[in-house]
Amino acid sequence: MYITGGLYYGYELDFFTEDHPGGQDLDGTFYPARRNCVVLAKPGQKRAMHPPYRCWFLNIATQDPQLQELFAQLPTVSI
């Protein structure tokens, strides 16, 4: 199963809670669902999800320039 999300317009932090065969694709790079891995989707990134996987997620919509600058500096993935 492959779910396309098109271009992403906000920020989303996904924290994978378990190892699974699925994952996410951001701008053509696949990030597998690995326990304790965090993936950050940023505005303008092309995103697709590849279930199955389990994660906690946080969607952030902000127009605050200081927060946008902070998030822009964060890496896409943290393992």
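## Cysteines

The structure contains 0 disulfides. The coordinates come from a predicted model. In general terms, a disulfide is a covalent bond that links the sulfur atoms of two cysteines.

Cys55, at 26% relative accessibility, counts as partly exposed.

## Nonpolar core

The largest nonpolar core has 7 residues: Phe16, Leu26, Tyr31, Ala33, Cys37, Val39 and Ala41. Cys37 is thus a member of this core, and Phe16, another member, is buried with a relative accessible area of 0%.

Leaving out residues up to four places away in sequence, Tyr31 touches Gly23, Gln24, Leu26, Val39, Thr76 and Val77.

## Aromatic pairs

Across the whole structure, 2 aromatic pairs are found. One of them joins Phe16 and Tyr53, whose ring centres are 5.3 Å apart and whose planes meet at 80 degrees, so the pair is classed as edge-to-face. Phe16 lies in strand S2 (residues 11–16), whereas Tyr53 lies in the loop between strand S6 (46–50) and strand S7 (55–60); the pair therefore ties together parts that are 37 residues apart in sequence.

## Sheet arrangement

Strand S2, which carries Phe16, takes part in an open sheet of 4 strands. The order is S7-S2-S5-S8, and the pairing is antiparallel. S7 and strand S8 (77–78) are the edge strands, each pairing on one side only.

Within this sheet, S2 and strand S5 (residues 38–41) run antiparallel and are joined by 4 bridges. Leu13 stands opposite Leu40 in S5. In general, the strands of a sheet pair through backbone hydrogen bonds, in either a parallel or an antiparallel manner.

Phe30 is located in strand S4 (residues 29–32). Its relative accessible area is 40%, so Phe30 is classed as partly exposed; Phe16, by contrast, is buried at 0%.

When neighbours within four places in sequence are set aside, Phe30 is in contact with Gly22, Gly23, Gln24, Asp25 and His50. Gly23 and Gln24 are also touched by Tyr31. Phe30 and Met49 are 19 residues apart in sequence, and their C-alpha atoms are 9.3 Å apart in space.

Definitions and conventions:
Residues numbered from 1 in each chain as written. Predicted model: local features only at pLDDT ≥ 70, side-chain atom pairs only at ≥ 80, totals over all residues. Heavy atoms only, no water. Helix = DSSP H or I, 4+ residues; strand = E, 2+ residues; numbered from the N terminus. Buried < 20%, exposed > 50% of the residue type's maximum accessible area, 1.4 Å probe, protein only. Contact = heavy atoms within 4.5 Å. Core = buried A, V, L, I, M, F, W, Y, C linked by side-chain atoms within 4.5 Å. Disulfide = S-S within 2.5 Å. Phe/Tyr/Trp six-rings, centres within 6.5 Å; stacked < 30°, edge-to-face > 60°. Pairing = 2+ DSSP bridges.
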